[in-house]
Amino acid sequence: MPLLRRKPFSLADPPKDLKPDEHVYQIRFTKEIFRDYNDYLNRINLYRQRIWMCKVTGKTNLTYEEALVSEKSASEKVQQFPKELRASVLRIIQYSMLPLKDLADFIAEKLEGRFFVGAELHGKKDNELYPCRILKVIPKGVEKFYYEVAWLDKDKNIGEKAEVNAKDLVLKKPLFSRNMLKSFIRESTYRNAPWVLHEEVAKNHGISTDIPEELRGRVCFKNGLLTCSKKRKTEESLDETENCKRKKLDGAEFDGSTEEQQENGQHKVERIKYPIDDLLVKPSPHDPVLANRPSPSRDFNVPMNCVGNLLMVWDFCTTFGKVLHLLPYSLEDFENAICHKDSNIVLLVESHAALFRVLIQDDSEYTEAVKNRRTKSKITMVNWTEYLCHFLEMINVPELRQCEATIKRGHYGLVDINAKLEILYELVNRVIETTIFREKLGEIIEQRHVLGVSRREEVLEDARKRRKEKEMLKAEIESNEVVNGHHLNSENVSSNSDDDIQNGHIGKKRNGEIESSSEDNTIGSLIKHSNPAPKNMPKSKKPNSEPKQPTENGKELPKQFKSDKDSPEKNSKEQRKEYFEREMEKRPIRRSPLGKDRNYNRYWWFRRDGRIFVENSDSKEWGYYSSKEELDAFMGSLNCKGERERALRNQLEKYYSRVCSELQKRSKDLMHRIAADESVLRRSTRVRAPPRQNPANAFLNYVNKWKVD
């Protein structure tokens with residue numbers, strides 16, 4: 001069984017009083033059964049972590065399932081270990097105190113030149129090597145052996161017999177490798193230091209389990225297993241251990257709470273280094289109070305099992321709209337169009353047509369199907385369903401082909417919503433695999449690479465400039481330490497006259513920062529001057545005139561450039577950073593979630609929609625947050641002691657301002673829509689508004705302005 005942190009791990013016991021028709025959760029590779037889904041989820045998440053060790057090979061950093069596979073493979077190799085040598089090897093292993101490597105080397109040295117009955121090798125005969133088989137081992141003296149062998153012909157038939165010295169036998173291929181020997185040692189034992197054989201292994205090979213004389217008093221049997229009797233530590237050793245622990249804990253990030261337990265008159269301090277796996281985080285009285293996590297809205301127009309396909313298709317069509325020559329549309333319009341019963345909605349027709357055009361241009365299987373059907377090359381509102389039927393025939397999915405008859409009759413709007421989205425999902429996947437799309441994607445990747453290189457070069461150049469400015473400022477400070485043979489300190493610096501300021505000398509030092517500099521400063525190195533001296537200052541120390549404002553080329557600078565906070569370099573850096581981010585967004589590659597919470601629910605943000613979408617861990621349920629208040633409450637509920645929730649919070653903080661901006665924009669649009677709906681309802685029933693003027697039917701007004709005929 002795989003080891004958890006080098007220690008045996010026990011599987012969960014099956015539930016008691018389990019009924020035959022009871023619904024339970026079972027882990028595939030351990031066959032463990034759980035009634036509670038959270039218990040099942042916690043256990044399987046534990047198995048997925050790379051904290052397991054293969055007991056046979058000693059490999060670490062594995063998942064539980066990988067460790068099982070490794071143990072199975074290694075056990076099969078261990079079975080190839082010569083049976084005739086097992087008893088001798090196991091006697092050496094039993095109660096040995098050597099480390100694994102030293103023990104394997106010792107056994108290999110012991111068995112060097114030792115052969116067993118039935119082994120096939122080569123022996124010297126008339127100064128030549130001939131194949132032979134050992135029939136009998138003849139001991140002569142201390143650790144000296146002779147062997148009775150039978151010479152073999154080409155067909156491995158036994159010929160004449162002879163007695164051969166061990167030195168005259170040659171083994172071209174080793175009987176076992178060191179790795180096989182190490183695996184054999186691990187599999188045969190249940191502990192090391194000392195190594196102790198499994199009871200059944202020792203019994204099968206007639207090996208004694210009595211504790212040797214030299215180990216008595218140090219080890220003992222408890223519950224059928226050997227355990228060490230550790231000596232009681234002295235007070236000095238305890239103090240040394242505590243000091244070592246404190247040194248290791250210094251400088252690391254720990255939980256603010258310290259749990260002290262009274263055990264046998266001693267204080268036991270348990271400290272945890274955060275972040276850790278979210279499911280292992282336990283509440284502490286010193287933790288800040290987390291907000292209640294708001295429940296996401298689930299009022300989708302499409303069935304819950306269709307939301308994933310809805311988002312995937314919409315995100316692809318809007319993200320790569322320029323490649324498809326398809327004007328982007330909102331998620332709500334797409335959702336309303338999918339649910340509408342009309343068969344020729346422009347938004348859906350243009351979406352299908354854009355995808356069909358890519359498939360036709362790619363000269364793929366779909367192109368051949370269209371040519372064989374002699375369909376018109378131009379896709380219109382009249383013939384677009386013909387292309388759709390050709391596509392359904394090509395992919396030949398039974399569930400989708402059932403809709404073909406309905407589509408041919410001109411009733412696409414009556415097709416089930418799930419089937420509509422499944423068709424679009426398959427269509428998008430085919431487009432992604434086309435050569436045309438992959439070439440476009442390659443161009444986008446290359447452009448992103450160029451932008452990334454440019455951004456990195458600018459950052460490195462800024463860093464070089466900052467280092468140079470620091471060196472120059474340091475040199476200036478050192479050169480101004482002595483003026484007219486007098487050392488400047490915090491008192492006499494303030495008594496310098498206005499002539500000193502104009503000559504470029506340092507005027508005053510406050511809060512550890514230089515506040516005035518030479519007259520010919522550039523915009524990038526502006527430094528503020530100190531205020532005029534108070535009126536009650538003695539005349540000898542009062543400046544003759546107020547210090548001049550920083551200038552460039554003799555002209556006074558605008559107000560926004562008079563402080564370090566609003567320096568043009570900083571504005572330029574922020575503008576350049578925003579520019580690079582905008583350019584990267586214009587060249588998307590794939591959509592990734594913002595992160596996961598403690599229960600592995602995924603969170604998605606689409607810039608064109610604004611809402612934060614929540615995907616259940618099993619992808620069967622979706623929801624969303626649509627207001628700034630919900631977002632703030634959700635961020636306040638994230639526990640930063642957990643790895644996943646800390647990473648998710650960092651991502652939300654990174655995009656917080658943009659997400660809030662999109663959410664507020666969405667809220668305003670929603671308020672305008674509600675107001676428009678109310679104005680439509682207030683109209684007289686005799687003067688009804690046309691359906692397309694109803695804000696709820698805005699998707700009917702869609703026009704693809706990016707269409708290329």
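The legends below describe close-up views of a predicted model.

**View 1. The three-strand open sheet.** Three strands form an open sheet in the order β2-β1-β5, and their pairing is antiparallel. The edge positions are taken by β2 (7-8) and β5 (52-53); each has a single partner strand, so one side of each is left without a neighbour in the sheet. Strand β1 (residues 3-4) pairs with β5 through two bridges in the antiparallel sense. Within this pairing, L3 has M53 of β5 as its bridge partner.

**View 2. The five-strand open sheet.** A further open sheet contains five strands, ordered β9-β8-β7-β6-β10 and paired in the antiparallel sense. Here β9 (158-165) and β10 (169-170) are the edge strands, and because each has a single partner strand, one side of each lacks a neighbour in the sheet. Strands β6 (residues 120-125) and β7 (residues 128-139) run antiparallel and are joined by six bridges. G123 has Y130 in β7 as its bridge partner.

**View 3. The loop between β6 and β7.** Two residues with positive phi are shown, D126 and N127. D126 is placed in the loop between β6 and β7, and its phi is near 60°, a positive value in a residue other than glycine. N127 is placed in the loop between β6 and β7, and its phi is likewise positive, near 60°. D126 is exposed, at 66% relative accessible area. N127 is also exposed, with a relative accessible area of 82%.

**View 4. The salt bridge between R133 and E120.** The closest N and O atoms of R133 and E120 are 2.7 Å apart, and the two residues form a salt bridge. R133 belongs to strand β7 and E120 to strand β6, so this pair ties together parts that are 13 residues apart in sequence. R133 is partly exposed, with 22% relative accessible area. E120 is partly exposed as well, its relative accessible area being 37%. The structure holds 27 salt bridges.

**View 5. The hairpin of β8 and β9.** Strand β8 (residues 145-152) pairs with β9 in the antiparallel sense, with six bridges between them. E148 has E163 of β9 as its bridge partner. The two strands, β8 and β9, form a hairpin with five residues between them. In the turn, K156 has a positive phi of about 65°.

**View 6. The cis peptide bond at P275.** Y274 and P275 are joined by a cis peptide bond, with omega about 5°. P275 is found in the loop that lies between β16 (266-270) and α8 (307-319).

**View 7. The salt bridge between R401 and E404.** The side chains of R401 and E404 form a salt bridge, at 3.1 Å from N to O. R401 is partly exposed, at 33% relative accessibility. E404, by contrast, counts as buried, at 6% relative accessibility.

View 8. R464 and E461 meet through their side chains in a salt bridge of 2.7 Å, N to O. Both residues, R464 and E461, lie in helix α17, three residues apart, which is about one turn of the helix. R464 is partly exposed, with a relative accessible area of 42%. E461 is partly exposed too, with a relative accessible area of 35%.

**View 9. The positive surface patch.** K465, R466, R467, K470 and K573 form a positive surface patch. Helix α17 (residues 435-479) supplies the largest share of this patch, with four residues. R466 is placed in helix α17. At 42% relative accessibility, R466 is partly exposed.

**View 10. N650 and C640.** N650 lies in helix α21 (residues 643-654). With a relative accessible area of 42%, N650 is partly exposed. The C-alpha atoms of N650 and C640 are separated by 9.3 Å, and the two residues are ten residues apart along the chain.

Note on methods: Residues numbered from 1 in each chain as written. Predicted model: local features only at pLDDT ≥ 70, side-chain atom pairs only at ≥ 80, totals over all residues. Heavy atoms only, no water. Patch = residues over 30% accessible without salt bridge, like charges linked within 9 Å, V, L, I, M, F, W, Y side chains within 5 Å. Areas by Shrake-Rupley, 256 points an atom, 1.4 Å probe, with all protein chains shown as cover. Salt bridge = Lys/Arg side-chain N within 4 Å of Asp/Glu carboxyl O. Lys, Arg positive; Asp, Glu negative; His and termini not counted. Charge placed at Lys NZ, Arg CZ, Asp CG, Glu CD. Buried < 20%, exposed > 50% of the residue type's maximum accessible area, 1.4 Å probe, protein only. Pairing = 2+ DSSP bridges.
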